Amino acid sequence: MFSTNLEPVHICFDDDTITGDEITEILAFLQSDGSGIPSGTNELVPVDEKKRRRTISNRESAKRSRLKKKKRFEELTEEVNRLNQRNQELKNRIVNVVSCGNFISIENNRLKTESVCLEIRLLELYRFLVAIQSPISTRVNYITELEI
């Protein structure tokens, strides 16, 4: 940027040769913004380059972030699927355990009933044996009980 309050500079050359130092001074003056600090392309390029690098870095960071987010989403999806499968396996096991429990309960009730019937039968056999081994009056009482 050039300042408008500068006086026009007329450079007159006595000969056609210009030294490198003179060119550098002219460029520095032309590039200055009036504050005496050169602000030419030597400083603009690094700022633009920094901005460009920052933009590229931000894009790469955003891309990494999106890839990381996508990977995390896929991992969580896999975990959800794995947990759903495990949940179904556990539900199936519960159904099997309940089914076995019901079967065992029914079998237990059947065995209890059979045990009571066998105890009654055993008691009847015991009474019969006692009646056979005892005198006749006991036999008559036993037979009378059976008929009642």
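What is the relative accessible area of Cys 117, and is this residue buried or partly exposed? In the predicted model, Cys 117 has a relative accessible area of 46% and is therefore partly exposed. Cys 100 is also assigned to the partly exposed class, because its relative accessibility is 46%. Both assignments rest on the range between the limits for buried, under 20%, and exposed, over 50%.

The cysteines were then examined for disulfides. A disulfide is a covalent bond between the sulfur atoms of two cysteines. With a cut-off of 2.5 Å between cysteine sulfur atoms, the count of disulfides in the model is zero.

Charged side chains were considered next. Side chains of opposite charge can pair when their charged atoms come close. Six salt bridges are present in the structure. One of them links Arg 52 to Glu 49, with a separation of 2.5 Å between the closest N and O atoms. These two residues belong to helix H2, which spans residues 41-133, and they are three residues apart, or about one turn of the helix. Arg 52 has a relative accessibility of 44% and so counts as partly exposed. Glu 49 falls into the partly exposed class as well, because its relative accessible area is 24%.

Glu 49 has a further partner in Arg 53, and the N to O distance in that salt bridge is 3.4 Å. Glu 49 and Arg 53 are both located in helix H2, where a spacing of four residues again corresponds to about one turn of the helix.

A salt bridge is also formed between Arg 72 and Glu 75, at an N to O distance of 3.9 Å. This distance meets the criterion for a salt bridge, because the cut-off is 4 Å. Arg 72 and Glu 75 are three residues apart in helix H2, so about one helical turn separates them. With a relative accessible area of 36%, Glu 75 is partly exposed. Arg 72 is likewise partly exposed, at a relative accessible area of 45%.

Terms used:
Residues numbered from 1 in each chain as written. Predicted model: local features only at pLDDT ≥ 70, side-chain atom pairs only at ≥ 80, totals over all residues. Heavy atoms only, no water. Buried < 20%, exposed > 50% of the residue type's maximum accessible area, 1.4 Å probe, protein only. Salt bridge = Lys/Arg side-chain N within 4 Å of Asp/Glu carboxyl O.
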